[in-house]
Amino acid sequence: QVIKCKAAVLWEANKPFSIEEVEVAPPKEHEVRIKIMATGICRSDDHVITGTLVMPFPIILGHEAAGVVESVGQGVTSVKPGDKVIPLFIPQCGECKSCLNTKGNLCSKTDLGTSAGLMPDGTTRFTCKGKAIHHFIGTSTFTEYTVVHESAVAKIDSAAPLEKVCLIGCGFSTGYGAALQTAKVEPGSTCAVFGLGGVGLSVVMGCKVAGASRIIAVDINSDKFAKAKQLGATDCINPKDFDKPIHEVLVEMTGGGVDYSFEVIGRTDTMTAALACCQHNYGVSVIVGVPPTAQKITFDPMLLFTGRSWKGSVFGGWKSKDTVPKLVADYMKKTFVLDPLITHTLPWTKINEGFDLLRTGK
């Protein structure tokens, strides 16, 4: 059956979301239709609105969510109607090179980087006012119902609170994994985290769990420092308070640079600063923020020649379908907290207000 429901449709760039009635087609073979119960908003969604992440319009955005399976297509075995699930913007097909390699997690079935805005079979499950609406990175969670491929959904503990564990669908897992899985931060090490949004704070939590002795949080908004300290930051610095480049400040503070640095903003200037602030021979810098589409980085290759490593991390380096249920189980065991990452809870029809809060750093 086609389901008619409400969704936040983005008809064009730099415009507010429009709450519309949409038709959501039934799941085809190996697809799952989900009733979305809670969704977070993420800077990556905003990047599509502003055009720094290029996607086709009209589109239903959203990729950090939790819900309940409404129905499944033919051949689906990993979930059934009634299961609590988290949609995965990085799927895990289990067959491609990245899925088969122990070091990889960026499944070739992802729509990230291709920006087709369609299901794997090249079609869409959403229509509105007679027009086809695009999907967003295989998830599209700003709607009461969505359809995802079976490789892009993880079944989770039926007792998990969906309004909290939805963060494991993107922000929390991305930051926490960047520290634990991508950088593999060791006990006693020093870390610098650039950007203290939800993902940056999750990096701080990951560094703390890994046993880092010093975690330096960097942001131009000092209002974010109290929460960073609550979650494990040992020092907080605002680049606006210094006359010299922030990487020089960090190198001086740590007597030669940090062991690990993380760029969790998505700006090219902070990516180079994060690289330059880590120890010149064995420092590791991880790019976690989504880079802007049209920009390039120019940097002195000597920064790498002396031995530093520069890495990227998508979804925290985790294999999504395997790891998301485990992270939910860890949350249920109180291994980590999610409440401090939730600043506001709004009815989803106030989605435009939610994005205003995001843009003003609140």
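At what angle do the axes of helix α1 and helix α11 cross? The legends below start there, and they describe a predicted model.

**Close-up 1. Helices α1 and α11 cross.** The axes of α1 (residues 43-50) and α11 (residues 351-359) cross at roughly 100° and come within 11 Å. The two helices are therefore roughly perpendicular to each other. On the α1 side, look for R43, D45, D46 and I49, which meet F355, L358 and R359 of α11. Sorted by class, this contact has three nonpolar and four charged residues, but no polar ones.

**Close-up 2. Helix α10 and its buried side.** Buried here are S320, T323, V324, L327, V328 and Y331. These residues cover an arc of only 140° around the axis, which puts them on the same side of α10. Their packing partners are β5 (84-87), β9 (153-155), α3 (162-165) and α4 (171-183). Just after the helix you will find K334, with a positive phi of about 65°.

**Close-up 3. Helix α5, largely enclosed.** Nine of the twelve residues of α5 are buried, so the rest of the structure largely encloses this helix. They are V199, G200, L201, S202, V203, V204, M205, G206 and C207. Around them, the packing partners are α4, β10 (190-194), β11 (214-218), α6 (225-230) and β13 (260-263). From first C-alpha to last, α5 (residues 198-209) reaches 17 Å, close to the expected 16 Å. G211 follows the helix, and its phi is positive, near 90°.

Key: Residues numbered from 1 in each chain as written. Predicted model: local features only at pLDDT ≥ 70, side-chain atom pairs only at ≥ 80, totals over all residues. Heavy atoms only, no water. Buried < 20%, exposed > 50% of the residue type's maximum accessible area, 1.4 Å probe, protein only. Helix = DSSP H or I, 4+ residues; strand = E, 2+ residues; numbered from the N terminus. Arc of directions from axis to C-beta. Contact = heavy atoms within 4.5 Å. Axes fitted to C-alpha atoms, helices over the stretch in contact; angles between N-to-C directions. Parallel < 35°, antiparallel > 145°, perpendicular 65-115°, else oblique. Nonpolar A, V, L, I, M, F, W, Y, C, P; charged D, E, K, R; others polar. Expected span 1.5 Å × (residues − 1).
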